[in-house]
Amino acid sequence: MMIHVHPAARSNHNAQLHCGHKIMTAIIGKNGVTPCKQEGDHATPLGLFPLRRVFYRADKIARPQTCLLTEAISRTDGWCDDSTSPYYNKKLTLPNQARHEILWRDDDVYDIIVVIGYNDDPVQAGRGSAIFMHKQRPDRSPTEGCVALSEADLLAVLASQATHILIHAPT
């Protein structure tokens, strides 16, 4: 199954996610979508991408129902966003000298992380990293390039057996 993200025409970061017959409110990058994603541009990449795997906080939620590989995260898990590192756009173990995001967060945003297969086969330095589907912040503020949903909607997408995401240009 494929899910679709449709950015709102008059907003950089508001979008709708279509999953089967259900339409969900989504948040995307602060600078909207782009066909030429670059590290740090705060934009969500356009295109068709596989959903690779799911990471989750087992101390906060049960293992999500999904056809994707799942893995509980730990306090030592990070994701490399250092384009000069051989770990760029990959999960890594902390501590690590490469610049990275910490996956074990206090703000609940990464309680569920769906890895979007962007810039990972092959990885190209500087083309963007850590493109995920994850939980929205309570204030629904924009992401740095990810797709954010409510927890209930994110769990529904996973339960739908979605395996791909198509991120559209605004119409």
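The model is predicted, so local features need pLDDT of at least 70 and side-chain atom pairs count only at pLDDT 80 or more, while totals for chains, interfaces and linings use all residues. Residues are numbered from 1 along each chain as its sequence is written, and side-chain values use heavy atoms, with hydrogens and water left out.

Let's start inside. The largest nonpolar core has 29 residues; such a core is a set of buried Ala, Val, Leu, Ile, Met, Phe, Trp, Tyr and Cys residues joined through side-chain atoms within 4.5 Å. Buried means under 20% relative accessible area, exposed means over 50%, and partly exposed lies in between (1.4 Å probe, protein chains only). Leu17, Met133, Val147 and Ile165 have the most contacts inside this core. Among the elements that each supply at least two of its residues are strand E1 (2-7), strand E2 (14-19) and helix H1 (151-159). Strand E6 gives the most, with four residues. Helices (H or I, at least four residues) and strands (E, at least two) are DSSP runs, numbered from the N terminus. Apart from this core lies another one, of 12 residues, including Phe55 and Phe132.

Next, look for the largest pocket. Its lining consists of 22 residues, with Glu101, Ala130, Glu144, Gly145 and Cys146 nearest its centre. A pocket is found on a 1 Å grid over the protein atoms alone: it is an open set of points where a 1.4 Å probe fits, with protein on both sides within 12 Å along at least five of seven lines, and lining residues have an atom within 4 Å of a point.

Now the cysteines. How many disulfides does the structure hold? The count is zero, where a disulfide is a pair of cysteine sulfur atoms within 2.5 Å. The sulfur of cysteine 19 has its closest cysteine sulfur in cysteine 67, 11 Å away, so this is too far for a bond. Cysteine 36 has its closest cysteine sulfur in cysteine 146, at 19 Å, which is also too far for a bond.

Finally, follow the backbone. A cis peptide bond joins leucine 94 and proline 95, with omega about 0°, and proline 95 sits in the loop between strand E9 (91-93) and strand E10 (100-102). The bond from aspartate 121 to proline 122 is cis too, with omega near 5°. Asparagine 119 has a positive phi of about 50° although it is not a glycine, and asparagine 119 is buried, with a relative accessible area of 10%.
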